[in-house]
Amino acid sequence: MTRHARRRFLTYLVAAPSLAVATKIGLDAYAPGNADAAIPTPPAPADLVDLGDLLILAGKPTANMLVLSVNEDGDVHFRLPREEVGQGLTTAVAMLVAEELDTPLDRVHIQLDDARPELLLNQLTGSSNSIRSLYDPVRHTAAAARARMVGAAADRWGLKARELTVRAGVVVASDGRTASYGSLSAAAASLEPVALTVTPKKESEHILVGTPTSRIDARALVTGKHAYTLDLDVPGAKPCMVRRPPTVNGTVKAVNNESAVRAMPGVLDVVTLDTGVAVVAETFGQALDAKEALDVTWGPGTVDALSDDDIRARLKAATPSLDVLGVLVKKVEAEFDFAFASHAPMETNSAVADVRADRAEIWSGLKSPIAAQAAIAKAVGLPVSEVTVHVVQSGGSFGRRLFHDAALEAAVVSKKSGRAVRLMWSRIDDMRHGRMRPATHHRVRATYAAGQVLTFQHQVAAVETDFRHGLGDAVTAAAADLPTGIGNATFAQTLFLTTVKSPYNFGVTTQALTEVPLKMHTGSWRSVYSANTRGAEEIVVDELAAKLGKDPVAFRRAFLKTARQRAVLDKVAAAGDWGRSLPGGWAQGVGFHEEYKSCTACLVEIDATDPKKPRVTKAVIAADVGRVINPRGLEAQLLGGLTDAISTTLRAGLHIDRGLPLEGSYSQFHYARQKDSPRDVKIFVIEGADEPGGAGELGVPAAVGAVANAYARATGTRPRSFPVNFDVDFTPFPR
Amino acid sequence: MPSHTFSVNGETVTVDAPDDLPLLWALRDLLGVRGPKYGCGIDVCKACTSHLDGEAVRPCVVPVSEAAGREVTTIEGLADGDRLHPVQEAWLEQDVAQCGYCQPGQIMAAVALLKRTRNPTDADIDEIANVCRCGTYFRIREAIKSAADRMA
């Protein structure tokens, strides 16, 4: 045993206690609210098994390979095999650990795990799945640790474990003797492993879990002490930036002034990559000047001839037609377009790399680090075991950091340059050559008769989403557990069908995806297909209600499937004073969404007196995500989803012009600012039962529907193309 | 190489750098002061917001030569030792930060606003143009109001 190992106690559980996955929900759960009001719609595939269920199943063999240690000072350290990007996961997990161990929250420290290939399919942060997949394993691990602490105290005192209790990290005997976790950690380490019959606390006994709790890293974040990737002190690591081509996926043909650029102040090296030309310098200011000074002859990219009009036409052509109907059938039909949208996290794509002849060390914000490690090992010609990949808490993601492109570039530059580098993408490159949510086209039709909706059809065409970041392996591994109804769908269609579903009893309901393969830098963007797909459907729901002469809230109430769904809708209608009178040019709008075993409703008020400058003035949100770990963190996620929806519905998108996005900064990609945000926001968490549902992406689609519906009612228009105000109101940066 | 002497968070520093090197890179790369963040480099996102002689500026567009002889305050210099500035306290109370990357700039912008206006209106708060991509704006608004109360 090493000295280090003697000083602390480890629990490292390999065998898995039983986990409940893929709960089947029968038709009986879907009795409509009013039996006369709606024609029941059978469960969709995503009602039976959603993407999160598949990821839990795929990760199950290694789900309990979690590492928790208690030091002699009593501090608890937990290694989290996920990424923190602002979603508050480290706080929620620390709460679970503190709860099971009966120790104060501030004694629990969460460290993001390095890439651990032995975790196989269980180190991917996405699909709103972290709490869902970790809730049971984290509690079991911490409960086992607590049992060992109590066992060590029982041995010391010659008492039975059941005679002991734990208070604030101190084991207490009935005769008043006490022993702190710190004093027991060495003895606990030498105990025989505790049998896996250890069960976590009953949820009714939770004290901390379920209580609004502030972020464990809040103080570091407000004092500037938190170190993001480029704030790390890696000895000798020099600033590095990359000059990128004038079109997406363009190639380097020749660097025409390399020696002149090498002679510029502070420049240390110039390295040609597959993706551009990198400059290493003493400061980022000098690296930026030098990369701008490069004269490069570029080869063509992959979509040079394409602009928005072409892409939209291709999407429209790819959208399957809906069935021919008789002329007497009453229907609502609509087609929608959604623009590309940048992930645009505040911290641009970045990584630190130190690649030596025999080993490599990488630091980056990575949501799929095992895939990154494999790609980097291959690129620098080292065995995976010699490539250490540190996962760094990072400045936003929204899906972006599923990809490891910055880490790969940094590793290649470090190897070629023979020095450690800190590589940073410029904001312009981050928007133009970074990832984006694919543009989509939608064809929706609902038919109705005698006050009932008979059919609901939705055909979606999307530019292909790049999922090549490890998600495919996980879904493939769990494919045998897919419900019927998916059959031999393509990978993207499988993701679509396991994430998108209609919450309404609209009779025969079909939702389908067709992809248009264009070689662009796409990727999952918070809520993946649902923001556009379900957002468009919520608009159609309002139009259906109008055709049937119903109020939008009353209509939804009548056609939603469960009491749980109606509860969140009722909450926003009551708290938001639905139907109150507003001045001309103002209106309310409502939206509903359900995914990953959670549901939410959103009510907004909009001031669209100037339709070109609408402002959402108020928002009321209610959500039921099942078991809630941290209501305060959940509210933060819903607030973020609301802002995303306001932005992408009203103003924020990317224009593609001859193979490149025009937008290059936040002055052009109009993500909301303070002046675009509501001054009044109320969020209600409705405590649900059972296991936790997904919550990280939940808020976006309902809010898209609410904002679009409010805008439509305020302006008397039928918005069909999003964002609604999408002029090129800027001079693009040079290519 | 020209030499520039100025104060950073109460400490006198001297850096050798070209006159036009943005102050942001002098702070981050030459002085190791990494609270101010790069987000755009052109005074759009305002993530690097810091104070120059008590006024909010964006170091990404301030040449280091302009700082000579003046006082630079970054997020690291806002607290008094372990005692946080009331605006930082308000940020904790409202649990504002999500990813946190823009928050040093948001806090420095809020401190500057409260210096100009002790009781900022909603319209005053709307004028803070710092981008928060996590969309925490409502909590920022509540925190500024709470800080104004604390400082009254």
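I began with the sheet in chain A: an open one of 7 strands, ordered β10-β11-β8-β18-β15-β16-β17, with mixed pairing. Strands pair here if DSSP finds at least two bridges between them. Helices (H or I, at least four residues) and strands (E, at least two) are DSSP runs, numbered from the N terminus. I looked up the edges next: β10 (267-272) and β17 (387-391) of chain A each pair on one side only. Neighbouring strands are turned by 20° against each other on average, direction ignored. Axes are lines fitted to C-alpha atoms, for helices over the stretch in contact, and angles run from 0 to 180 degrees between N-to-C directions.

I noted the source. This is a predicted model, where local features need pLDDT of at least 70, side-chain atom pairs count only at pLDDT 80 or more, and totals for chains, interfaces and linings use all residues. Residues are numbered from 1 along each chain as its sequence is written, and chains are lettered from A and ligands numbered from 1 in the order in which they are written.

**Edge and helices on the sheet**

I followed β10(A) to β11(A) (residues 277-281): the two pair in the antiparallel sense over 5 bridges. A:T272 has A:V277 in β11(A) as its bridge partner.

Helix α9(A) (residues 284-293) lies across β8 (238-243), β10, β11 and β18 (421-424) of chain A, at about 25° to β8(A). Helix α12(A) (residues 405-417) also packs on the sheet. I found α12(A) touching β8, β10, β11, β15 (350-355), β16 (360-364) and β18 of chain A, with its direction at about 35° to that of β15(A). Contact means C-beta atoms, placed from the backbone, within 7 Å.

**The record**

I checked UniProt: an unreviewed entry lists residues 223-302 of chain A as "domain: Aldehyde oxidase/xanthine dehydrogenase a/b hammerhead". Over residues 223-302 the chain is 19% helix and 32% strand, with end C-alpha atoms 44 Å apart.

**Helix α17**

I counted burial in α17(A) (residues 552-559): 6 of its 8 residues are buried, so the helix is largely enclosed by the rest of the structure. Buried means 20 or more other C-beta atoms within 10 Å of the residue's own. The buried residues are A:P552, A:V553, A:F555, A:R556, A:A558 and A:F559. Their cover includes β21 (452-463), α16 (530-547), α18 (563-575), β23 (586-595) and α20 (699-715) of chain A.

**Helices α19 and α20**

I turned to α19(A) (residues 631-650), which packs against α20(A) at about 45°, axes 8 Å apart. Residues meeting across this pair include A:L638 and A:L642 in α19(A), and A:V700 and A:V704 in α20(A).

Methods
Contact = placed C-beta atoms within 7 Å. Buried ≥ 20, exposed ≤ 12 C-beta atoms within 10 Å, placed from the backbone. UniProt positions renumbered as here; feature names shortened; annotations may be inferred.
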